[in-house]
Amino acid sequence: MLFIGGCNSFASIRQAHTSNNLKRPLRILLVTTSYPLQEGNPSGIFVKRLADALGRDDSLTVLTPASRATLQHIAAPPTVVECFRYAPKSWQRLAHEPGGIPVALKQAPWLWLLVPAFLVSMTLSTLRHGRNADVIHANWAMPGLICGIVGKMLGKPVITTLRGSDGSNLEHDVFKRSLINLVFKLNARIVTVSAPMQAMLYRLFPEYGEHCLHIPNGVDSQFLALTLPTATPQKLRLISIGSLIPRKNVKSIITALQGLPATVTLTVVGEGPEQAALARLTQELGLSQRVTFAGNVAPANIPNALA
């Protein structure tokens with residue numbers, strides 16, 4: 001797997017670790033609210049790929065919320081996956097759903113009642129597992145805040161990776177800006193997966209510029225090995241891959257299809273709360289013969305879908 005800038009956010013910590021003549025691997029606690037707990041589940045697959053890469057050279061423990069499904073241990077050895085419970089099993093719907101926690105709360109407002117227990121359980125679990133870690137790596141802003149607080153309590157460095165939803169409407173959302181400001185104060189480094197998000201953070205939080213790094217998501221070697229077609233295809237085939245949630249705006253792709261020749265087709269890979277509305281839109285626009293909803297495709301089969 002190729003990681004552009006891969007694990008550079010850990011470089012200074014690893015250097016200090018080895019300079020202390022410690023021969024054992026770096027012990028990393030990776031905290032995330034999205035992670036594939038069953039084989040073939042696409043939830044947080046990009047976090048799993050990062051975890052697999054980190055776990056090759058260092059000792060890695062992944063801490064993530066439990067879900068309604070039974071955990072299947074799919075982590076690449078010696079990575080360990082630990083799940084924290086925050087409600088009765090059938091109620092554990094906050095994480096690992098399409099679109100993550102923000103979409104789950106919009107779809108089922110009663111889940112807000114579970115948020116306090118969720119945050120307390122995450123904090124206690126991070127505190128328990130963080131004692132044996134050399135560094136804590138959080139994903140998304142809220143885990144970054146919790147891990148930052150725990151890191152200060154334990155004297156451990158914390159790195160937080162901010163992702164797409166963290167930057168959405170950031171300039172106009174006072175709560176979100178205050179949250180990320182606290183994350184900056186409590187973390188050794190902040191990592192963004194896109195250059196525009198890094199530029200926005202530079203503009204909004206200029207005092208923390210030196211603590212903000214841009215490291216793109218890794219690209220699996222399977223995708224890099226895809227070959228271009230040797231001949232021009234007779235029909236142009238488009239594909240969209242992602243959770244069917246408003247933020248992904250698949251509606252615009254389907255609507256735009258009207259302005260393209262009738263030979264152009266679209267395959268939509270993914271599931272989510274917008275699926276039924278998108279299917280209705282396809283029928284209303286008379287595009288049923290040109291749009292295929294493939295549902296979820298196992299991450300291992302995505303290269304085949306693209307090919």
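Analyst: In this predicted model, helix 4 and helix 5 lie oblique to each other. The angle between helix 4 (residues 115–130) and helix 5 (residues 141–154) is about 45 degrees, and their axes are 10 Å apart. The crossing of helix 4 and helix 5 is right-handed.

On the helix 4 side, the contact is made by Leu119, Met122, Thr123, Thr126, Leu127 and Gly130. Facing them from helix 5 are Met142, Pro143, Ile146, Cys147, Val150, Met153 and Leu154. Sorted by class, the residues of this contact are 10 nonpolar and three polar, with no charged residue.

Helix 5 also packs against helix 7 (residues 174–186), at an angle of about 35 degrees and with the axes 9 Å apart. This crossing is left-handed. Helix 5 contributes Ala141, Met142, Gly144, Leu145, Gly148, Ile149 and Lys152 to the contact, while helix 7 contributes Phe175, Leu179, Ile180, Leu182, Val183, Lys185 and Leu186. The contact of helix 5 with helix 7 holds 10 nonpolar, two polar and two charged residues. Met142 of helix 5 is listed in the contact with helix 4 and also in the contact with helix 7.

Leaving aside residues up to four places away in sequence, Thr192 touches Leu162, Met197, Gln198, Leu201, Cys212, Leu213, His214 and Ile215.

One of those neighbours, Cys212, is itself buried, with a relative accessible area of 3%. Cys83, by contrast, counts as partly exposed because its relative accessibility is 28%. A disulfide is a covalent bond between the sulfur atoms of two cysteines. The structure contains zero disulfides.

As for the setting, the chain has 12 helices and 10 strands. Of its 307 residues, 44% are buried. Taking contacts between residues at least 6 apart in sequence, 66% join residues at least 24 apart.

Technical notes. Residues numbered from 1 in each chain as written. Predicted model: local features only at pLDDT ≥ 70, side-chain atom pairs only at ≥ 80, totals over all residues. Heavy atoms only, no water. Axes fitted to C-alpha atoms, helices over the stretch in contact; angles between N-to-C directions. Helix = DSSP H or I, 4+ residues; strand = E, 2+ residues; numbered from the N terminus. Parallel < 35°, antiparallel > 145°, perpendicular 65-115°, else oblique. Left-handed = near helix turned anticlockwise from the far one by under 90°. Contact = heavy atoms within 4.5 Å. Nonpolar A, V, L, I, M, F, W, Y, C, P; charged D, E, K, R; others polar. Disulfide = S-S within 2.5 Å. Buried < 20%, exposed > 50% of the residue type's maximum accessible area, 1.4 Å probe, protein only.
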